[in-house]
Amino acid sequence: MRLSGRFKPYSGPRLRLVVGCFAFLFCAIFIRLAVLQVFQHARLRDLAERQYSRQITVRPERGRILDRHGRVLATSVPVPSVYVIPQDIDDSDAVASKLAKVLGQPLAAVQDQLSTVSTFVWLARQLPPEVGERVQKLNLRGVQVLQETRRFYPKRHLAGQVLGFVGVDGAGLGGLEHLYNRELTGTPHQVTLQRDATGRTVQVMAGDPSDQPRGADLYLTLDERLQYIAEKELAVRVQETQAKSGLVVIMHPPTGDILALAHYPFFNPNDFQDPKQRVWQRNRAVTDPVEPGSTFKLVAASAALEENVARVTDLFHCENGFVVRSGRRLRDHHPYGLLSFVQVIEKSSNIGTAKIAGRLSDDQLYTYIRRFGFGEKSLVNLPGEEDGMIRPPKKWTKPTHDSLAFGQEVTVTPLQLLTAYAAMANGGLLMRPRVVEHIVQGDEFQFFAPHARHRVLSPPTLERMNEILVGVVERGTGKQAAVEGYTVAGKTGTAQKVEHGTYSHSKVLASFVGYMPAEAPQLAIVVIIDEPRVAKWGGEAAAPVFKRLAQQALYYLQVPSQQAQTISLDTALNPIPAPLAGDHEPPRIILPLGAKAGEREPARVALSTGPKIEKERRP
Amino acid sequence: MPRPPQAASALPPMSRGRARRIASRHVGMALLLSAAMVLGGVLLYLWPQVRLVGMGYRYSKLLAQRTQVLQRQKELQVELSSLRQLRRIEDIATQHLGLRPPQATQVIYVRSGQQAVAGQQAVGQRRP
């Protein structure tokens, strides 16, 4: 075909040249496309995704710690932190000046931070919210405000040593916060966001940032109110006796639940960095074994009765307060002559107890010490628990047998001591103490059931020991622990502290451990006062704390005293006794938790002219 | 072989130029229509994308608002817990309101049948 004359100028070699050029360009474009779309596809896709998408790790909020009634003891709150990217800052001097003013930091320190070569520098962490807002309002390039969470303990020092504390990076560093760090922290999850050129989030591509699972919640056996009462009374007594420190543990014998664990001086985990407080951050109820002193006489006395080597009517001569046995001088705090088995314990005679223990072989005494749970961990769910120290009989020296009888040459933790007495209150069953009752994470529930380790004593021995321990409070060294209207069983202890390798005469550990009501024990309590200056004996320094604590705790737990006026709803139509003479306020009636409206009526009718009826308020 | 007679036409014979103009007008219309369809298609495709981006911005904003509200709720809960400190409540009760703990004789316990035994389940009581 021939082109018409009009198209003739475009024919020939010029056309071929143009077509050739276009063909070459198309080929080049095609090859480039192939390279980009096929050979470099993966790399370029990654580059693009990196530009417009951002993957962030969402750390779940740390779980809470609550008491047995669900009252919050530890929670997390959002707080602002300020960081800088030094290379993005244009005028570092001006920025440093503004930041130093808002943050309240020295100008030189801020300038130092801004001049570092690092790509990321924390300037200030966990600030008050208003400071974070002020930094944000400055709108400085290269200065960013990030929301972090901070652990907060709304009840301040309450149970501080038990709860522990959390560092600025969110890791548990002490107490339950440390032991259950993994459960409390939870599992972080990834969220992918698409962002625009200005950095704003356009949409969520994967994961749901609003679906933030929280770490597990820890429900403790502690009761906030009992803990408060324990801390309050302990603080008062430590100050009264001008002691160095003090410790109280309250246990529910049938379950081994620790209802309160108080230390004085207090430790406020909100200020864990305060160096003055650091000394008191340890939970000494489990970490610091001590010589128990006379409270340990329980073991020798029980063992002698259980092994039938002594009877409660047996008499022991207490050598008028001084004797040398097995090469060691033994002394009593008062000179006693002949005392019965019961009186030896009631009056806490060291010589008498050594003679009782003398009827046991070394192996028998050692077996009972171990049977009461001494020399091994109680396996309570608290960190840092110590075994205590009890040497096996083959390592004993001559006086060891006597020393062990009245609580020397052995160390126990306060919790071990309380657990042993709680076994006496629990029909002889030695329980594993527990502080964490259950853990809840979403739908998952982990329960730490009460666990009985073994039986320590037979019922007849328990009955006799119970009577003896009641006698200690009614007639013996523990009179100041007596609570009006209740039967208290317990034992005093005054352990000399070891100073420069010998027993000190001035520094003692005064203690009282007991349980009540003796006929149906609800509470076992140990009180330890370290180095009291005013009242040095356990019966003087520690027993009064026991009394004050027990009174309030039993009232709170609605355990009526022997003189309490108690009426049953079934017999509420019977007339109520008139208020005792001298009372100026009419008695109140407290209906039990869960009482229905119908149950109020019989009481109201019966008491129409009498006391005011109230429904108990839930805590 | 004789050629068949051509069909007689009512219209006058069209000139070559006119035929080309009509043809180019049709082509133009077709191009316009195609362009409109392409544009419509593009708009149809882009509109949901634009909406999606807009909704994404709105969602992000709402998420930020939700976080702020949750933070505020958290702060208030913490404040409530702090206000419920027993030391503070006791101080208010004793110092400001003049209350004091009742004497043992001022309290009468009313027990239901199941709770007849004194102190039974005292510690075990839980919130429902």
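Which strands of chain A does helix H18 (residues 459-474) lie across, and at about what angle does H18(A) run to S19(A)? I looked this up and found that H18(A) lies across S19 and S20 of chain A, running at about 70° to S19(A).

I worked on a predicted model, in which local features need pLDDT of at least 70, side-chain atom pairs count only at pLDDT 80 or more, and totals for chains, interfaces and linings use all residues. Residues are numbered from 1 along each chain as its sequence is written, chains are lettered from A and ligands numbered from 1 in the order written, and side-chain values use heavy atoms, without hydrogens and water.

I took helices (H or I, at least four residues) and strands (E, at least two) as DSSP runs numbered from the N terminus. Axes are lines fitted to C-alpha atoms, for helices over the stretch in contact (heavy atoms within 4.5 Å); angles run from 0 to 180 degrees between N-to-C directions.

I then traced the open sheet of chain A: its 5 strands have the order S10-S9-S21-S20-S19, with antiparallel pairing (at least two DSSP bridges between two strands). Strand S10 (257-264) and strand S19 (489-499) of chain A are at the edges with a single partner strand each, so one side of each has no neighbour in the sheet. I noted 10 bridges joining S19(A) to S20(A) (residues 502-516); Ala495(A) has Leu509(A) as its bridge partner.

The predictor gives the complex an ipTM of 0.70 and a pTM of 0.78.
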